[in-house]
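Hello,

Here is the structure I promised to pass on. Please open it alongside this email.

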Amino acid sequence: MQENTAMPDQLNLFQRIRYSIFPGTLQRPAYRDRYRNFFNSLILHFRPRNVQQRTLRFTLTWGLGGMAVVLVCMLFATGLMLKFVYQPVPDRAYESIIHLQNNVLFGQLIRNVHHWSGNILLIIVFLHLSRVFFTGAFHSPRQFNWVIGLVMFLAVLTSNITGYLLPWDQLAFWAITICTGMLDYVPGIGEWLQKLIRGGNEIGPATISIFFAIHTAIIPACLLVLMPWHFWRVRKAGGLVIPRRPDEDEDSEDDKVPTIPNLILREIVVALVLIAAIMAISVIFNAPLEAKANPGLSPNPTKAPWYFAGVQELLLHFHPLFALFIIPVFMLIALVSIPYLNYQTDTAGVWFASHRGRRMTAVAALTAVIITPIGIIADEFVIDFAAWLPGQPSVVSNGILPAAIVLAGISMFYWLVKKKYAATNNESIQSVFVLLVVAFVILTITGIWFRGKGMALIWP
Amino acid sequence: MKSEAAPNRRRFLNIFWIILGGVAVAEFVAVAFAFLRPAKSKTPGENTDLIFTAGAVERFRPNSVTAFVRGKFYLARLEDGGFLAISRTCTHLGCSVPWMEKEMKFACPCHGSAFDITGNVLEAPAPRALDIYPITIENRIVKVDTRNPIKRSAFQVEQVVYHKKKA
Ligand code: HEM
Ligand code: HEM
Ligand code: FES
């Protein structure tokens, strides 16, 4: 018994310090193992001890959830560093970024990593959402985790928007002017909400400090709560959905393997590759910085940040009340309700629900790819309800009427595919989801690359 | 008797505590909102620098538009000599609209809205005419009060200010 513990006075200073921190390593090998187990179970806190072998397949998750975690960690690390240099007041913000880039060692690199991580995170989270949807991982018991995920999606989006203003250059100032200008169209409380968020009538000192507080305190705090909750729910659901072929039954075949090293190793590989990619991008491409914000001069064209380009494109075709309020709110409600609809079958684990579901997905995507550009071009050059229906308020001619036409189109599509393929409602709902998502992606692409001066359609 | 009263009392106390907790949370939310509401400046006279002296009536040609960068407005003098102080903030999403001298219109660079010299919408997506500011003309000096923009759906003749009564 006695030889278990080495005598402290036989140790030098460094050893004494070390053992004071890690007393377990002082022990015999057997005790060391126990100690190592303790560390492992720290890692295992949010994970089961064993995972289903088949959920380890890369083609189930594509590593997307793990990538999101890595990016959030990088954002926290670089964001905290930026906070030491950045000064959130209009007269100093832009100058502090210039100082950061020119005088601070690695300043430009840290800013680039933060910029690219933030933007790429949004894409990764969107892809993660898509993979969760298409593998049917939102069915019970994962219903509420879908909702938690959506809240995190909104948090990441808010983080990107609030971060966008901080450099206080022309790009930032006008993009945020437009984004907060959109609030004006929320019925009833819009003006109040806009004032609250801007901290006044216009974008100014109050806006920066509000955005800075949201960006560097409120959203990080929310994420710190939501992320562990999200992972814990994954664990509570008994791990990830088990991937299976469409004709395969949900079997409870138990082929579990230990999480360490099987899962951890895979996660580390994904993380390292991702970090290397972000570093490479950050070395090659600088985060944009234009001239200092000038409230008197709007650049032409002034564009919203890329993730709002789709909404901005909607705005060119619909009355603002519809483009900025009714359609987005409708989309949000639709997204939240996805796990709570009544489904005929439980398709958890099957990519695109079934063989038929795969075909219908392709059809829906193709339909959107054809119809959306036609719609955009027709509305730009041919359709002009406002002129055709003189005397009607523009809420009718540019809002209710086109929205009704689009809604009718979507309903018809739903009805047609359901009829044609004799589909279950899992498959029909999925194809409407695909139709809308692909249409939105095309609107976004149009807004980013096909809009030039005065928001005219151009060929890039 | 006692065995029945105790759970009842406990339930009552539980509910009582929950209600108290709810009140505390509501108070905190109310304080937070009051805290975050944009503060009104209390110092009198601080806002007087928002009343701009644009200049003498003669300085402005009829059918012309003069920009006041610091005041963030345009002074438009219409063909008949009347004045309008027009906000430079686009009613669509808030970009600053420049005046196009040659085409005689305000053209918003952001989403292509255009407005005529009275601020009326020439081209959508802007949903309504540009805001205006109240004008006073004393001793042929034009003054513009930029504290509170006036929202309007379209231009109306009553909005025009003249330096003398029209005959
Ligand atoms: C910051 C954002 C997010 C992070 C860091 C995150 C992280 C993760 C991770 C690490 C997993 C484990 C498996 C995997 O990699 O797929 C996971 C699973 C899951 N996530 Fe997320 N996620 C985020 C956003 C979302 C969003 C936007 C949704 C959906 C709206 C969502 C819904 C789910 C669901 C339902 C699962 C369980 C999937 C299954 O059981 O197969 N998450 N998430
Ligand atoms: C989900 C997490 C986050 C996202 C998506 C995000 C995103 C962004 C974006 C897009 C910018 C603008 C960068 C640019 O283009 O110039 C930015 C700036 C900034 N962020 Fe974050 N951020 C996140 C977390 C944080 C955290 C946790 C902090 C600090 C506590 C932070 C501090 C800053 C600072 C100081 C800036 C201004 C410096 C600059 O603009 O380069 N961020 N962020
Ligand atoms: S802000 Fe002027 S047209 Fe959109």
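Below are my notes, taken topic by topic.

This is a predicted model, in which local features need pLDDT of at least 70 and side-chain atom pairs count only at pLDDT 80 or more, while totals for chains, interfaces and linings use all residues. Residues are numbered from 1 along each chain as its sequence is written, chains are lettered from A and ligands numbered from 1 in the order in which they are written, and side-chain values use heavy atoms, with hydrogens and water left out.

**Iron site**

Start with the iron atom of ligand 2. Its protein donors are A:His114 and A:His215, each through NE2, at 1.9 to 2.0 Å. The two histidines come from distant parts of the chain: A:His114 sits in helix H6 (residues 107–134) and A:His215 in helix H10 (residues 205–236) of chain A, 101 residues apart. Helices here are DSSP runs of H or I with at least four residues, strands are E runs of at least two, and both are numbered from the N terminus. Donors are N, O and S atoms within 2.8 Å of the metal (3.2 Å for Na, K and Ca); water is not among the atoms, so sites may look incomplete.

The site of this iron atom is octahedral, with angles of 86 to 179° among 6 donor atoms. For six octahedral donors, ideal angles are 90 or 180 degrees.

Both A:His114 and A:His215 are buried. Buried means under 20% relative accessible area, exposed means over 50%, and partly exposed is in between (1.4 Å probe, protein chains only).

**Salt bridges**

The count is 7 salt bridges over all chains. The rule is a side-chain nitrogen of Lys or Arg within 4 Å of a carboxyl oxygen of Asp or Glu.

B:Lys151 pairs with A:Glu191 at 3.4 Å, N to O. This pair crosses between chains: B:Lys151 is in the segment after strand E11 (141–145) of chain B, and A:Glu191 is in helix H9 (residues 190–198) of chain A. B:Lys151 counts as partly exposed because its relative accessibility is 42%. A:Glu191 is partly exposed too, at 45%.

B:Lys72 bridges to A:Glu202, with the closest N and O atoms 2.8 Å apart. B:Lys72 lies in the loop between strand E2 (64–68) and strand E3 (73–77) of chain B, and A:Glu202 in the loop between H9 and H10 of chain A, so this pair joins two chains. B:Lys72 is partly exposed at 30%. A:Glu202 is partly exposed at 48%.

A:Glu380 bridges to A:Arg451, with the closest N and O atoms 3.2 Å apart. These residues link distant parts of the chain: A:Glu380 is in helix H14 (residues 355–381) of chain A, and A:Arg451 is in the segment after helix H17 (425–449) of chain A, 71 residues apart. A:Glu380 is partly exposed at 31% relative accessibility, whereas A:Arg451 is buried at 3%. Salt bridges with shared partners join A:Glu313, A:Glu380 and A:Arg451 into one network.

**Nonpolar patch**

Which residues make the nonpolar surface patch? They are A:Leu13, A:Phe14, A:Ile17, A:Ile21, A:Phe22, A:Phe38, A:Phe39 and A:Leu42, and the patch covers about 830 Å². Patch residues have over 30% relative accessible area and no salt bridge; nonpolar side chains (Val, Leu, Ile, Met, Phe, Trp, Tyr) are joined within 5 Å, like charges within 9 Å. Areas come from the Shrake-Rupley method with a 1.4 Å probe, and for residues only the protein chains shown count as cover.

Helix H1 (13–21) and helix H2 (29–43) of chain A each supply at least two residues of the patch. H1 of chain A gives the most, with 4 residues. A:Phe14 lies in H1 and counts as exposed because its relative accessibility is 66%.

**Backbone points**

The peptide bond from A:Ser140 to A:Pro141 is cis, with omega near 5°. A:Pro141 is in the loop between H6 and helix H7 (143–165) of chain A.

A:Phe106 is not a glycine, but its phi is positive, near 65°. A:Phe106 sits in the loop between helix H5 (90–103) and H6 of chain A and is exposed at 60%.

**Chain B domains**

The domain assignment, automatic or from a database, gives chain B domain 1 (1–37) and domain 2 (44–159). Their centres, taken over C-alpha atoms, are 54 Å apart.

Best wishes

Notes. Tetrahedral: all angles 85-135°; square planar, octahedral: opposite > 155°, others 65-115°.
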